[in-house]
Amino acid sequence: MPQEAIYKTVYQYNKFPVPAEDMERLQTIARDCCEVKNRVYERYGGIHGLSKIYPGYTVQNEMTKSGLREKLDLPSVYFYLSVFEALGDIKSRWAYTKKRIERNIRANENLSPEDRHYLRFVLKQSQCLEAILTGKEVRLPANWEEAYGALRARVDEKRLNSYLRRQVRRHLRKSHTDAAGGFTISPKGYRYKDHGIYLATKEKRRRMFIPLTDNNRYDVQISLRLFPEEGKIAIHVPVKVKRKHPAGYEGEVGLAFGIRCLFVTDDGRTYGEKYLEYQSALTDYVRERLSRHRRNAKNNPGMEKYRAGKARREMALHTYVNAEINRMLETERPGVLYFPRLPAAKKAGYGRRGNAVVSMWQRGFVKSRLARKCRERSIELVEVFGGGIGTECSRCGAEGEKKQGMFRCPVCALTMPERQNTARNVRRKGRAGREERDSSEKLPRMNAPDGGI
């Protein structure tokens, strides 16, 4: 059963411009949190930190004893959150590294099935992986020791361990951040009162008061974003809300995605016609200014101004995407929404400016926002896989041709906008896959006979 509660982010803003001295105090906290994260990345982001990052209390204790918090004079509500945020990033790095190694193991034709079994076993056992990477003796719990011994007896252990070390060195990268545009605050670090919020500062027993535009109050971990050029702050608050079950949301709709126009439905209706304008504004800004600002020092006002400009354009793009997704769902009111698997970014074939636009196409953000808003409305979202979605005729299934945004079928003479044809194929293939899945789930399960598998 789907969960009846989900999390969404609400935003709060300052009512009046934050004084320059107060903004500098907030920026100091942000820079200190950045330094704490980098210290954790440096000390625990490599292979020797693998044994300490799960579950992370060892890192917490060692960072406490390091004296960094006292040196920075940073309140604990900021210090420990920065430590655990950095730990989360390190764990994500290891997950990414293992995923890449898994992919290479599958693609390596020189590995036998026994070799692949051994390597996958090692990747899943953190103790075993750490011992191999650091050259120590492998020690596992008794129930795993026997399985490991049987595996290593059937393979060239030395060769595979060397292969594993090379793969980790190639793909594991220590994280680093220079972004000091905000920080996270635990509930003990703030208090709502007087139509505003009191924030803990580096001065003992003294909090900074910031009037807000609303009087809403929360008791969760929040994130503070700073915009010093404008004297503004934005508070990001995760809020648990109940799923909606709006009346009238029924039927099935197929979607096609794109850059020039965000969505096209199987009936030919379009949403997000100005998406390319917002994406191009962000892309052109980054392409033209990033190279110049990279030549400056890390935290000079020029780089901060660049980040603020990029954040404004990115926020405008995200606001537009959210509005168009809402408009599409409120107009179509689907019960089931089919969408194709989004293509990977292409780095060549469009010209210099076109390549930049395509490479920065925020397909991940669009997909995540669509998924969230469908969950909020209890809409079933089905991702459709398979080839031929954009080239097959949605009427007869024959291979057609695309030219100047139109699709033409040489067999049945169907002519329509190519993305509408794609959306119809998405709906057809998604519906067929959904029906096949539902029918397989209704089949009775047969019990295996004694001794069977």
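Predicted model: local features only at pLDDT ≥ 70, side-chain atom pairs only at ≥ 80, totals over all residues.

Asp-194 sits in the loop between strand 3 (190–193) and strand 4 (196–200). The phi angle there is positive, near 60°, in a residue other than glycine.

Asp-73 also has a positive phi, of about 55°, and is not a glycine. You will find Asp-73 in the loop between helix 3 (68–72) and helix 4 (76–107). With 41% relative accessibility, Asp-73 counts as partly exposed.

Another loop, between helix 1 (20–44) and helix 2 (57–65), holds Pro-55. The peptide bond joining Tyr-54 and Pro-55 is cis, with omega about -5°.

Now to the helices. How are helix 5 and helix 6 oriented to each other? Helix 5 (residues 113–124) packs on helix 6 (residues 126–134) at an angle of about 105°, and their axes are 5 Å apart. The two helices are therefore roughly perpendicular, because angles of 65 to 115 degrees count as such. From helix 5, the residues that meet helix 6 are Tyr-118, Val-122, Leu-123 and Lys-124. On the helix 6 side they meet Ser-126, Cys-128, Leu-129 and Ile-132. By class, this contact has six nonpolar residues, one polar and one charged.

Next, Gln-167, which belongs to helix 8 (residues 157–171). Is Gln-167 buried or exposed? Its relative accessibility is 5%, so Gln-167 counts as buried. Its side chain makes a polar contact with the side chain of Asn-104, at 2.7 Å. Setting aside neighbours within four places in sequence, Gln-167 is in contact with Ile-101 and Asn-104.

Leu-255, in strand 8 (residues 252–257), is at 0% relative accessibility and so counts as buried. Beyond residues up to four places away in sequence, Leu-255 touches a list of residues including Phe-263, Met-328, Tyr-338, Leu-370 and Val-426. Leu-255 and Arg-427 are 172 residues apart in sequence, yet 7.5 Å apart in space, C-alpha to C-alpha.

Leu-370 brings us to helix 12, where this leucine is one of the buried residues. Others buried there include Arg-363, Val-366 and Cys-374. After helix 12 comes Ser-378, with a positive phi near 60°.

Definitions and conventions
Residues numbered from 1 in each chain as written. Heavy atoms only, no water. Helix = DSSP H or I, 4+ residues; strand = E, 2+ residues; numbered from the N terminus. Buried < 20%, exposed > 50% of the residue type's maximum accessible area, 1.4 Å probe, protein only. Polar contact = N/O pair within 3.5 Å; in protein donor to acceptor, adjacent residues only side chain to side chain. Contact = heavy atoms within 4.5 Å. Axes fitted to C-alpha atoms, helices over the stretch in contact; angles between N-to-C directions. Parallel < 35°, antiparallel > 145°, perpendicular 65-115°, else oblique. Nonpolar A, V, L, I, M, F, W, Y, C, P; charged D, E, K, R; others polar.
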